[in-house]
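Me: Could you walk me through this model? I'd like to start with how the chains meet and then switch topic.

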Amino acid sequence: MAHFEKANSLNEWLDQRIGINTLKKVMQSEYWIPKNINFLWAMGMVLAATFGILLVSGIFLLMYYNPSTDLAFDSVNYTIMTEVGYGWLWRHIHGVGASLVFLIIYIHMFTGIYYGSYKRGRELIWISGMLLFVLFSAEAFSGYMLPWGQMSYWAGMVITNLFSGGSLHADGLVEWIRGDYVPGQAFLGRFFMLHVLLMPLAIIGAIVFHFGTLRLPHVNNQDGEEIDFEESARLWKEGKVKESKVIPFSPVFLSKDVFVMGVYFILFFYLVFYHFEFAMDPVNFDPADGLKTPTHIYPEWYFLWSYEILRPFPTDPGLVAFAIAQVIFFLLPFLDRSPNVAPASRRGLFHFWFWALLIDMIVLTFMGKLPPEGIWSTIGLVAAITFFVLWIALPIITKFEKKL
Amino acid sequence: MNKELKILGIVAAFTLVLYWGVEPFAHSQMHKHVEGHNFVYDGTADVEEASKEKKEAKKKFWSEVKEIAKLKGDPVAGEATFAMCTGCHMNGAANMGGVTPPSLDHAGAIYDKNFLIALIKDPAMATNVDHKYPNGTMTHPMGSISSMVSNPQDIANVVAYLKAKKAGEIAPKEAFIEACSRCHANRYGKLTQLGEIPKTKSNIKTGQDIDRMKYDQKVAEEQNALADYLGKLPPDLSIISRARSEHFLETFVENPQSQLPGTAMPRVGLTKEGYEKVMEYLNETGDPSAPARAMVGPWVLGFFVIFTILAYLWKQSQWRDLH
Amino acid sequence: MSNRRDFMGMALGGFTALGGIGALYAMKRTWDPLPSVKAAGFTTIDLKDAQENILVTEKWRGKPIFVLKQSKEMVEKAKKSDELKRLIKIGDEYYMVAVGLCTHLGCIPGYDPANESFLCACHGGMYDGTAMVTKAPPPRGLDIPPFRIDGTKLVLGEEGPEYKKMLADGTTMKV
């Protein structure tokens, strides 16, 4: 047993046993973040806060939700919405939160692309982030099944049908995934398990990993400058806070985070109370009916760009395109052949590439929502092809990028 | 600071564009706008939608209705004629040919005068479902009325009677029951096509509730009759106020054919006030937390505004000396 | 300077805590029993078909309710041992109505009509025909549910004057 002296305070007592002072330094007061940042750097914490809100509101929904196909719809729309004290509040928070988390994920992702935060030592931060995107997508999809409305059922039907692999006709696989010929009790039960237990655990693990991948490379800054963190930390600790190029995570970086979160929460709760139809689509307020497909079915907005890459092509090419689109973002650190870590505005053609990709994905999003007719399908096809052209062009244009 | 505002502006602009495209714009493309007629029943919509062969007949029908509307109706004579109606239209009425005749206790209050005239003259034409009766509109369950009450003055009298004596104050739930519930259940309001679900007790020894089972069977039989007659069972309206937009519901109830051409649902003939009463009930069952939202919302938003101000002051105090 | 920073930080922290209290209140309300559960807390039982010394079990709020119509001898016994106040009088008849859960740890006691007594199998507690405790370990007689007399019926869950009197003189505790 190691030698223990009498402690003079609670803090000292804890420090002797779990090293709490070291922990505080490592995680907060001496976790160095560059000073040269803007509010977009707060998106990570905004995501953590939103995930926390989803978890808490989910816990209270879970107390009353019934994962049985004949009771699920009313357990949400009657019990929770009308009988449970503040049940309507948790439901609205959970629905709006699920939609907003993806808005912030996309902002966070594109911030990373713009500032080159996926390059030279930060590849795993990017990859673990993309993994989180995939896990959140699975979590969102499985959650959408639970109210067992018309959209839940038909989205379940369509997305699981993707796994038949077009001409491969892997119908056995589709039935195995569903646990039945069509989405039914077995299907609902397993997606309930995924949504409530497995995906949240995986997400928490991936978040921890994501934070872990940040430590050694450190957080990026607005100029992509390679900072001497040792030197700047020394300056800060000497009191030369103006000269230092870094700030401690707590309380300095955190204070900016909290302010950004405040602004975010004003928007968040405005939507929760006054403007939530985008997050709770009317079609899902019709109970699931396996004998009637709604006139218009569409995924939630954050899946639309991906959906539109699937749609314009014939079945098999469409599935291949869709599969590539899911993984291509993971390859960004390796497809970008330029050594420059800098904001896109200083990277020549890459600047154009960035805005082209963003606008293309927005166009794909619009087309994914619109009925696949007439001019909309044409635009969708052009946008889908443009998507692949951009990714093929990326290694080429970055290879010839002038070194900064 | 300016740079950050510029960045915020760009992010906000892209977000708003994204929202616009995915919501208002896409929905305007998916659902073509249908004009309502503000609960005026003069056949304009019917004639517009009618196929070439039917247009003339409809024009003639509605102009005849207009003529009858000009007559002065006598409520006392109307009451005598109305006695014929109570044979079918009474509380606890039986299912006739697929539907149960509705109670007319407040018909004068919730239904439109022109509509009532048209209804007595020819129910299928008035409710705009005549296309469902290829063998003639007399085959409508209420079709025989044209042989019972055909004299224009008699029709004017009955409608005057309804407007005078069957037009008392009506609660939202009652309005729903009279106008909608013989076809549409509302399970959140504990209403079936046969009325309020009765309280029953199960046998303590077996856990079986036979009284409830008997009631459920009666409801099932009524639903079967409805579904056979109409082609499908009319949907439960518990949460319809969240499943369809206000505009859709208003135009749909006024003239079902305008939103779902070929539907079996008859026009209901509600006045604007009658419709608003029904909607009040539908909002009660479909969105009962609306008042709570309105009450709690300002407090939560107010909290976060103050929170943000305090957070900004804290952030300022932390960052002030750093540049 | 650092004082101002600390002050702002504490002000923000305190204000956030207020919000936290609001959130905790909403969470507490979510745990509350649902209105439909509270509404189901009323049961009407009809005593007119009960027979002397034959135990009938009803259900109220998920719990068993003993109904035991008293015979003339049982009433005399109750008068002698000052236990008449435990019984409900309807017309000329007396009834024992109590929650059929042992006041020790909640098992359901069994009734022996031959001895006009209850025996709880879990720990051997015993009660007489008026459900007064006669053998430890139960600390008191079987609890009497709130009731209101309505002709020959009892509405369990409502508090009529006879029940209020039983509460006041300590015959039973609130269930």
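Reply: Here is a short tour, beginning with the conventions. This is a predicted model, in which local features need pLDDT of at least 70 and side-chain atom pairs count only at pLDDT 80 or more, while totals for chains, interfaces and linings use all residues. Residues are numbered from 1 along each chain as its sequence is written, chains are lettered from A and ligands numbered from 1 in the order in which they are written, and side-chain values use heavy atoms, with hydrogens and water left out.

Me: OK, how many residues of chain A are in contact with chain B?

Reply: On chain A there are 60, facing 50 residues of chain B, where contact means heavy atoms within 4.5 Å.

Me: And what area do they bury between them?

Reply: About 5100 Å², 74% of it on carbon and sulfur atoms, taking buried area as the accessible area (1.4 Å probe) lost when the two parts are put together, summed over both.

Me: How many salt bridges cross that interface?

Reply: The rule finds 4 (a side-chain nitrogen of Lys or Arg within 4 Å of a carboxyl oxygen of Asp or Glu), and one of the salt bridges pairs A:D286 with B:R244 at 3.0 Å, N to O.

Me: Which helix gives chain A's largest share?

Reply: That is α11(A), with 16 residues of the side that touches chain B; helices here are DSSP runs of H or I, at least four residues, and strands are runs of E, at least two, numbered from the N terminus.

Me: New topic: what order do the strands take in the chain C sheet?

Reply: The order is β6-β7-β8-β9 in an open, antiparallel sheet of 4 strands, where pairing requires at least two DSSP bridges between two strands. The edge strands of chain C, β6 (110–112) and β9 (133–135), each pair on one side only.
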